[in-house]
Amino acid sequence: MASTIRVRAVAGADTTEVQSLIQHPMDSGFVKDSAGQLIPPHHIEVVQFEHGGKTVFTALWGPAVSKDPYLKFSFKGAKKGDDLKVSWVDNKGASDSLVAKIQ
Amino acid sequence: MLRKLLLVGALALGAAHSALAADKVDPKAEFKAFRDYFVGRFPKVPLDDFVNGPYSMDAGLRKQWKAIEEFPPYDFAVDKGKEMFAKPFANGKTYGDCFPDKGVGIRQNYPYFDAKSGQVITLELALNQCREANGEKPLDYVKDDMAALTAYMAFTSRGKRFDIKISDDPRALAAYRKGEEYFYTRRGQLNFSCASCHVQSAGNHIRTEVLAPALGIMAAMPIYRSEWGSMGTISRRLVTCNSQVRAAPLKPQDELYRDVEYFLTYMGNGLPVSGPGARP
Amino acid sequence: MRFALSLGLAALAAGLTFSALAAPADDFKAAYAKAEAASKQAVALKTQWTTTVATLKSAQAAASAGKYDDAMALAKEAQALAEASIAQAKQQATAWQDAVIR
């Protein structure tokens with residue numbers, strides 16, 4: 001089963017720029033389906049990026065973030081070839097993670 | 001005397017005009033006129049850029065689109081389509097067996113007029129015909145699975161120039177003509193034709209959306225629309241366009257829909273496949 | 001003169017009592033049938049409007065709820081919409097040519 005996480009991290013002179021796209025329905029719990037029933041909430045709660053054993057970025061998501069969320073940020077202290085770990089947990093307790101090489 | 005001459009002249013012109021309209025369908029001439037219209041109206045837009053629809057019309061939107069394209073929302077559909085395309089049917093055959101070049105890099109040739117069946121074959125129709133010929137149930141034309149397949153096929157054809165053929169077969173010309181008529185006919189309670197928005201108002205706003213020019217409008221299909229939060233096939237877009245002007249939609253892949261796809265894609269000949277696309 | 005007047009009044013009275021006897025449900029059925037026929041013609045001409053379909057539905061719903069005044073008005077509106085859509089198709093059958101980029 002393919003990962004839900006796509007990540008691209010490029011190391012620059014000073015900072016590493018990270019982009020990620022995560023596949024997730026991100027149902028807010030406020031939307032009704034065509035039969036008029038509320039679609040129950042199903043969304044990522046926490047996304048974490050780790051490098052060198054430290055957490056370099058944490059996002060606390062919830063019902064306000066839309067489907068298949070895209071994220072972009074930069075951080076210092078990494079170089080090409082290092083590992084970057086991405087992981088998420090949702091409100092149903094499901095999770096996924098991926099380790100990518102910084103380019 | 002002059003008045004009589006003028007009257008006769010006007011009658012003759014009138015007769016000639018209606019004769020032209022009734023008899024000769026000249027796709028080549030109309031193709032040139034169509035292209036010249038858009039190039040003339042938007043002289044700053046490079047020809048190939050028309051396939052980017054609203055982004056060729058609005059700089060602010062374009063910037064946002066470039067950012068989205070770094071990690072495009074249709075990526076998941078392309079991957080899913082690739083998986084689906086490779087998976088054999090129950091009888092062991094694959095989609096590739098139904099198409100020229102194993103179905104890779106062929107988007108730019110669709111739709112085409114099939115002389116044997118006497119109808120326009122679109123990519124979506126061809127995919128379902130392939131399924132049914134191999135004992136599989138057809139896919140829903142407006143849902144994600146069909147969109148995933150056409151997204152993958154478009155992706156493998158990116159950059160290839162559209163090359164829709166209209167032979168001298170009178171049935172092909174008739175299909176072109178019917179598609180053209182559909183495109184320019186006002187419909188729905190709002191009384192809009194496709195041309196009302198995509199010709200007359202191309203580049204303008206309709207509520208918060210920027211209207212794409214009709215030139216090359218098929219090139220980016222299928223599209224991931226942020227409004228839908230999902231992928232949409234050509235069938236889906238035609239159906240929703242109809243209901244948006246309060247016209248009861250036809251069935252997906254209705255003959256008229258295939259004819260208008262034939263007409264519109266032909267009008268975009270020479271422009272590159274840019275699909276799958278991302279739209280607001 | 002007086003005879004004609006009384007005859008006229010009698011006819012008027014007869015007319016009034018007659019229409020009071022006719023059931024509003026029957027009137028609606030007739031109006032709805034007319035509207036539906038026009039709607040079907042629009043579908044055949046591939047010129048159906050979504051609002052025609054919706055209005056027919058509302059007319060039927062109003063009748064089922066016993067609101068015959070509303071139902072009649074909606075049936076008539078549906079018929080008008082259907083006829084407008086047919087007129088649109090007929091007009092556009094030739095008018096579309098004027099829009100073609102040549």
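User: What makes β1(A) and β2 of chain A a pair?

Analyst: Two strands pair if DSSP finds at least two bridges between them. β1(A) and β2 (residues 15-22) of chain A are joined in the antiparallel sense over seven bridges, and strands here are DSSP runs (E, at least two residues), numbered from the N terminus. V10(A) stands opposite E17(A) in β2(A). This is a predicted model, in which local features need pLDDT of at least 70, side-chain atom pairs count only at pLDDT 80 or more, and totals for chains, interfaces and linings use all residues. Residues are numbered from 1 along each chain as its sequence is written, while chains are lettered from A and ligands numbered from 1 in the order in which they are written.

User: Which strands of chain A are called edge strands?

Analyst: The open sheet has three strands in the order β1-β2-β5 (chain A), with antiparallel pairing. β1 (5-11) and β5 (70-76) of chain A each pair on one side only, and these are the edge strands.

User: Why is chain B called as compact as a globular protein of its length?

Analyst: Chain B has ten helices (DSSP runs of H or I, at least four residues) and seven strands. Its radius of gyration, taken over C-alpha atoms, is 20 Å, close to the 19 Å from the globule rule (2.2 Å times the number of residues to the power 0.38) for 280 residues, so chain B is as compact as a globular protein of that length.

User: What share of chain B counts as buried?

Analyst: A residue is buried if 20 or more other C-beta atoms, placed from the backbone, lie within 10 Å of its own. Of the 280 residues of chain B, 41% count as buried.

Methods
A residue is buried if 20 or more other C-beta atoms lie within 10 Å of its own, exposed if 12 or fewer, and partly exposed in between; C-beta atoms are placed from the backbone.
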